[in-house]
Amino acid sequence: RLGIRREEFLIVRVGLSTRRLLLSFLFVAAWDAGSGQVHYSVPEEAKHGTFVGRIAQDLGLELAELVPRLFRIASKGRGDFLEVNLQNGILFVNSRIDREELCGRSAECSIHLEVIVEQPLQVFHVEVEVKDINDNRPVFSTSEQKLSILESQPLDSRFPLEGASDPDIGENAMLTYGLSSNEFFTLDIINKKDKGKLPVLVLSKLLDREENPQLRLLLTATDGGKPELTGSVTLVILVLDANDNAPVFDQTVYEVKMYENSANQTLVIWLNASDADEGINKEVIYSFSSLVPPTIRRKFLINERTGEVRINDAIDFEDSNTYEIHVDVTDKGNLPMVGHCTILVEILDENDNSPEVVVTSLALPVREDAQVGTVISLISVSDRDSGANGQVTCSLTPESPFKLVPTFKNYYSLVLDGVLDRESEANYEVVVTARDGGSPSLLATASVSVEVADVNDNAPAFAQPEYTVFVKENNPPGCHVFTVSARDADAQENALVSYSLVERRVGERALSSYVSVHAESGKVYALQPLDHEELELLQFQVSARDAGVPPLGSNVTLQLFVLDENDNAPALLPPGPGGGPSALSQVVSRSVDAGHVVAKVRAVDADSGYNAWLSYELQLAAGGARSPFRVGLYTGEISTTRALDEADAPRQRLLVLVKDHGEPALMATATVLLSLEDSGQAPKTSSRALSGAAGAEKALVDVNVYLIIAICAVSSLLVLTLLLYTALRCSAPPTEGACGPVKPRLVCSSAVGSWSYSQQKQQRVCSGEGPPKTDLIAFSPSLPPCPQPEMEVEEQSIGGDHSIKVGQTRHLRGPHRPGPRAGAGGAGAPPVPGGIQRPRGSSGGKSAEWHFVCEFSDRPGGVVRTERGVQHPPGGDRGPAAAGVPCGGGGEGH
């Protein structure tokens, strides 16, 4: 798997041990790559082309994609020591690697590579460890070391020697020392902690300058590598005479200027001292005086032989800008003599400190109605540098309604410079930027969070100025009908909304006796059962007020429509002036033909819509005998079903059941007494009376025509107005009450009930102002919308020269709606006209009659019942509604 070939291990002309070491390093690198780690190792001084690792394979890259994806490596400041063969993905040595040059004496030495692959972009980090080999021999700083020793030096005197250094590390740098054979000195080794070994020369025999004024010894250093490498230095020992002159500096005080942050080992000054003595008495040693504190000793170091003073630690102008260093120079005489000097070091400033910004908040949060110029915060800036490096300027970012005003040196005030609106911006993050005058300049930032406090400057607002609410009549007391909600853009107490009624009079009673509103939730309740027949519309206002000081408020209008329920039974109308409501008596000639109308039952219902749509049924006689009479389902007209004969009883008692279409349906019964007489027994005056009645009816019909035209014009205008109003309100969302959610549908009619009945009964519509209004609008709350029927009209002959146009309604969806208010005598005619009437005979004359065909439905799914008939005006009691449509909204005479 490693795929290591023999030639990849070859290194030109290296020893057997070096080759084994290289093989082990390469094996470790291959093992790391195989285990999934992107880590390699290579020995220093490896030959160009030496195999390092299969980098493409270890990074999980295909060889074919190296070139298309622009595979390349970049080392971090390490030159081009390594390269990758894009054909086989092998990382190899590209140039000579000298570990000592690369990492010095660092225990760990690695080359960090960044492998970049594009399309898509990927970056890998590879570490190549450079292994040390024993390629450096121990080296002494000089070729020879000189020691001056008094000839009077006592035995066992010790003279430390300068040791050798080996740039290698580990065992390769572990040194041992040996001294050439001599009779005067022996070698002792001092093990310094973490600093290797220090050779010490020990005097083992007294010196005699006259015999040996100079001794030359060879000090040898051997490292622990394999093979071992050695280095040597010559020790020149001068035997000195007595000392009688002290060393002297060329200046007593030295002044030096240097920049802070100078690198370690930077030369501060090179001292020079001289001694008039000869020999050993002339040699001097430089050292810091005992007067120098430890802080200075840590900052600087001195070469005792050369007198070089260098930096040993970081120099910071902000810590100290001057240093005073006292230096002693001591000769090497038998009785050493000392000289003194002082070094004054002045540190020059560099722009190495960023400004500091301190924010002190004073008035937070800030009211949104605060005046321009209001002080919000105090800001102080500082810079530890000096001169231009410590001069700071401030600015604000980003744009905001604030500005900085200088108040004192390095002090600023953050003041309001514009109008605040908490509802638009409740919090500002203002960034203060401080920049010094250095080159390049440094900057610092501080963020000031300015919170805007709310002021009650917004009134509660409703979503729309008016709401339409529907509630069924006979609701339980305390019924929840609607919930108003207003939103206040302010905060906390200023946004705490409470609701109340705008009190007024509704007729003779106070509005609060009808409805109430919960102060906190805005729920509107009906305090008592409402009656559609008494009150169809209640218009009032609800006020919303916040809890601010001063409080602000607004009003909303509610139109409360009371929807009808079937709570009124049909009421029978008297048959005529002076008649009783309980029984109808009529004389019928036995000579009448089938279909002749002999009587008419009239009834009204105080409800609306379906609840007022009446139908008539003839109750069967006792014993199941079939009656020769029938009653019109929606007209209430009693007519013959066949010709009368002598077998029919002379007195017929008919029981007519009148029902509405409410749920549940309510009903009433009417008794009709018919007296059957032969045609010869009819009163003689009946012809004259009939003629007079016909004339009165003709005159009345002429008047009704004009009245109906006028009423239809007014009704059309009302319908147009309502349609326009509905179109404007169509975008408003539907509302529903708690007493029963409904989808109200407005039903308009040209006549509300019969004209005569509508003129007799007025409905109260309480909108707050003006007198009660005539009820011309009814709502059918619980019925689905009825689509516009498709009408097919055809003309059919009915005999003679007359014909009628009959309309067939198609695609009916859902039940049809009756007229808005039921009238007398057939108010329950179906609401969707199934045919079009036309008069037969002379209009308004005695023989005038109307032929009609009505198609209607009382359940979803289409037409289920059809009624055809001929209607005759029964004299002069038909009223203005005689010209009405039989299948329309109902009315007297329909």
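This is a chat about a predicted protein model.

Student: What am I looking at, and what should I know before reading any values?
Tutor: This is a predicted model, where local features need pLDDT of at least 70, side-chain atom pairs count only at pLDDT 80 or more, and totals for chains, interfaces and linings use all residues. Residues are numbered from 1 along each chain as its sequence is written, and side-chain values use heavy atoms, with hydrogens and water left out.

Student: How many helices and strands does the protein have?
Tutor: It has six helices and 58 strands. Both are DSSP runs numbered from the N terminus: helices are H or I with at least four residues, strands are E with at least two.

Student: What share of the residues is buried?
Tutor: Buried residues are 44% of the 894 in the protein. Buried means under 20% relative accessible area, exposed means over 50%, and partly exposed is in between, using a 1.4 Å probe and protein chains only.

Student: Which strands form the open sheet, and in what order?
Tutor: The order is β44-β51-β50-β47, and the pairing is mixed. Two strands pair if DSSP finds at least two bridges between them.

Student: How do β44 and β51 pair?
Tutor: β44 and β51 (residues 667-677) are paired in the parallel sense, over seven bridges. Within that pairing, Gln 586 stands opposite Leu 674 in β51.

Student: OK, new strands. What does β30 pair with?
Tutor: One partner is β27 (residues 392-397), joined to β30 (residues 427-436) by six bridges and running antiparallel. Thr 397 stands opposite Val 431 of β30 there. Another partner is β31 (residues 443-453), also in the antiparallel sense, over nine bridges. In that case Ala 434 is opposite Ala 444 in β31.

Student: How many residues sit between β30 and β31?
Tutor: Six residues, and the two strands form a hairpin.

Student: Switching to rings. How many aromatic pairs are there?
Tutor: A search of the whole structure finds nine. Rings of Phe, Tyr and Trp (its six-membered ring) pair if their centres lie within 6.5 Å; planes under 30 degrees apart count as stacked, over 60 as edge-to-face and the rest as tilted.

Student: Why is the pair of Phe 402 and Tyr 428 called edge-to-face?
Tutor: Because their planes are at 80°, with the ring centres 5.4 Å apart. The pair links distant parts of the chain: Phe 402 is in β28 (residues 402-408) and Tyr 428 is in β30, 26 residues apart.

Student: Are those two buried or exposed?
Tutor: Phe 402 and Tyr 428 are both buried.

Student: And what about Phe 408 and Tyr 411?
Tutor: That pair is tilted, with 6.4 Å centre to centre and 40° between the planes. Phe 408 is exposed at 63% relative accessible area, while Tyr 411 is partly exposed at 43%.

Student: Which residues make up the aromatic cluster?
Tutor: Tyr 610, Trp 613 and Tyr 634 form one.

Student: What is the phi of Asp 156?
Tutor: The phi is positive, about 60°, although Asp 156 is not a glycine. Asp 156 lies in the loop between β8 (144-150) and β9 (158-160), and counts as exposed at 58% relative accessibility.
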